[in-house]
Each structure stands twice: as C-alpha cells, then as structure tokens.
Amino acid sequence: MAVRTIRLFGDPVLRAVSAPIETIDDGIRGLVQDLLDTVELPGRAGVAAPQIGVGLRAFSYNIDGDIGYVLNPVLAEVRGEPEPVGEGCLSVPGLWHDALRHPWARVTGIDLDGEEVVLEGEGLLAQALQHETDHLDGLLYLSRLAPEDRKQAMREVRESSWF
C-alpha cells in the first residue's frame with residue numbers, strides 16, 4: 001500500500017503501550033502491507049506499528065533479506081546474559097549506541113490468517129525481536145543503555161536537527 005513516515009522521538013505514540021489486535025480485517029491487512037512496504041527500504045531491520053503512528057501490536061522485519069511480519073507478538077523467551085550490542089532506531093535517527101540485549105530470542109504471535117508465528121534466533125534477529133517488542137511496550141532502545149551512555153544519547157537527541 002505505502003511506505004509510511006517514521007514517527008520520531010518525542011511523539012507520544014512511541015511511549016504508549018500498544019493495544020492487541022482483536023479482529024483481522026481490511027484495516028489490519030492494510031497495516032501489515034504498510035509495515036512490509038516500510039521495512040523493505042535499505043538499512044531497515046524492523047518497523048513496529050507505533051513507529052508509523054498506529055498503536056497496535058504488530059511489527060515487520062527485514063533480516064538478511066527475509067521479510068515478514070507478526071501480529072500480537074510476545075517476547076516468549078530470551079537466552080544468555082544481556083550484552084552490549086551496537087544499536088540504532090529509525091525513530092531516533094543518526095544515533096548509534098550499545099544497548100543491552102540477550103544473544104537469543106523467541107517471539108510468538110499470529111499471521112493474517114490467525115495461524116501461529118514463531119520467530120527465533122540469535123544475532124541481528126534476536127536484537128530486532130527484542131527491539132520491536134520493546135516498541136510495542138512503549139520503550140525506545142535508549143532505555144536499554146547504560147546510564148552514562150543514555151545521558152550522552154539524550155544530549156545527542158537534544159542537539160540533533162530533527163528534534
């Protein structure tokens with residue numbers, strides 16, 4: 001349908017907990033297509049519905065050319081001790097900091113047919129699963145930074161041209 005504009009840090013939709021999807025209808029099918037179109041652009045590993053202004057529990061992903069989506073995702077399991085991993089966010093453009101992420105993650109949810117979806121893996125996929133489910137809980141990756149890194153990141157946000 002359309003590549004949607006990404007909402008930026010400071011937009012209230014990014015701080016709100018997203019509502020579960022109750023009914024799969026044409027509106028939800030359109031949302032999924034917009035999420036897929038928006039994540040296909042180069043350099044994008046994931047896009048959560050709040051990032052395009054929709055407060056519903058859905059995200060798309062684009063990991064090593066594997067593009068998909070999940071509705072009502074739940075971060076069902078993580079493994080390993082959290083470790084600092086270089087991370088950025090489309091909603092906080094131009095910043096890159098080490099966020100604490102588990103090295104392995106599993107997300108469960110459903111697709112447009114109501115069938116179960118299970119996404120699991122390590123590396124960039126694990127990071128994206130945690131990052132996107134955080135968005136659905138009203139969290140930005142900045143909250144996963146060590147205190148000193150977070151202070152620096154917030155300084156960079158305030159000094160950015162887009163803020």
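Select Ala105 to begin, and show what surrounds it: leaving aside neighbours within four places in sequence, Ala105 is in contact (heavy atoms within 4.5 Å) with Leu75, Glu77, Val78, Leu119, Glu120, Gly121, Ala126, Leu129 and Gln130. Before going on, a word about the model: it is predicted, so local features need pLDDT of at least 70 and side-chain atom pairs count only at pLDDT 80 or more, while totals for chains, interfaces and linings use all residues. Residues are numbered from 1 along each chain as its sequence is written, and side-chain values use heavy atoms, with hydrogens and water left out.

**Stop 1: around Ala105**

Colour the strand that holds Ala105: this is β6, residues 104–110. Helices (H or I, at least four residues) and strands (E, at least two) are DSSP runs, numbered from the N terminus. Is Ala105 buried or exposed? Ala105 counts as buried because its relative accessibility is 0%. The cut-offs are under 20% relative accessible area for buried, over 50% for exposed and in between for partly exposed, using a 1.4 Å probe and protein chains only. Now draw a distance from the C-alpha atom of Ala105 to that of Leu119: these residues are 14 apart along the chain, and the distance is 8.2 Å.

**Stop 2: Ala99**

Move to strand β5 (residues 92–101) and pick Ala99. Ala99 has a relative accessible area of 0%, so it is buried. Not counting residues up to four places away in sequence, Ala99 touches Glu83, Pro84, Val85, Glu87, Tyr141, Arg144 and Leu145. For another distance, select Pro20, which is 79 residues from Ala99 along the chain; their C-alpha atoms are separated by 26 Å.

**Stop 3: two positive phi angles**

Most residues other than glycine have a negative phi. Select Asp64, which is not a glycine and yet has a positive phi of about 50 degrees. Asp64 is in the loop between β2 (58–63) and β3 (66–79), and it counts as exposed because its relative accessibility is 76%. Next select Asn72, also not a glycine, with a positive phi of about 50 degrees. Asn72 is in strand β3, and its relative accessible area of 21% makes it partly exposed.

**Stop 4: the largest pocket**

Which residues lie nearest the centre of the largest pocket? Select Gly43, Ala45, Gly88, Cys89 and Trp96, which are among the 16 residues that line it. The pocket has a volume of about 280 Å³. β4 (83–89) and α2 (124–136) each supply at least two lining residues, and α2 gives the largest share, five residues.

**Stop 5: the whole chain**

Zoom out and switch to a cartoon view. You will find three helices and seven strands, and from the N terminus they run α-β-β-β-β-β-β-β-α-α. The C-alpha atoms fill a box of roughly 45 × 35 × 30 Å along the principal axes. Of the 163 residues, 47% count as buried. Among contacts between residues at least 6 apart in sequence, 64% join residues at least 24 apart.

Note on methods
On a 1 Å grid over the protein atoms alone, a cavity is a set of points where a 1.4 Å probe fits but cannot get out, and a pocket is an open set with protein on both sides within 12 Å along at least five of seven lines; lining residues have an atom within 4 Å of a point. Grid points are joined across faces, edges and corners, and a volume is the space filled by probe spheres set on the points.
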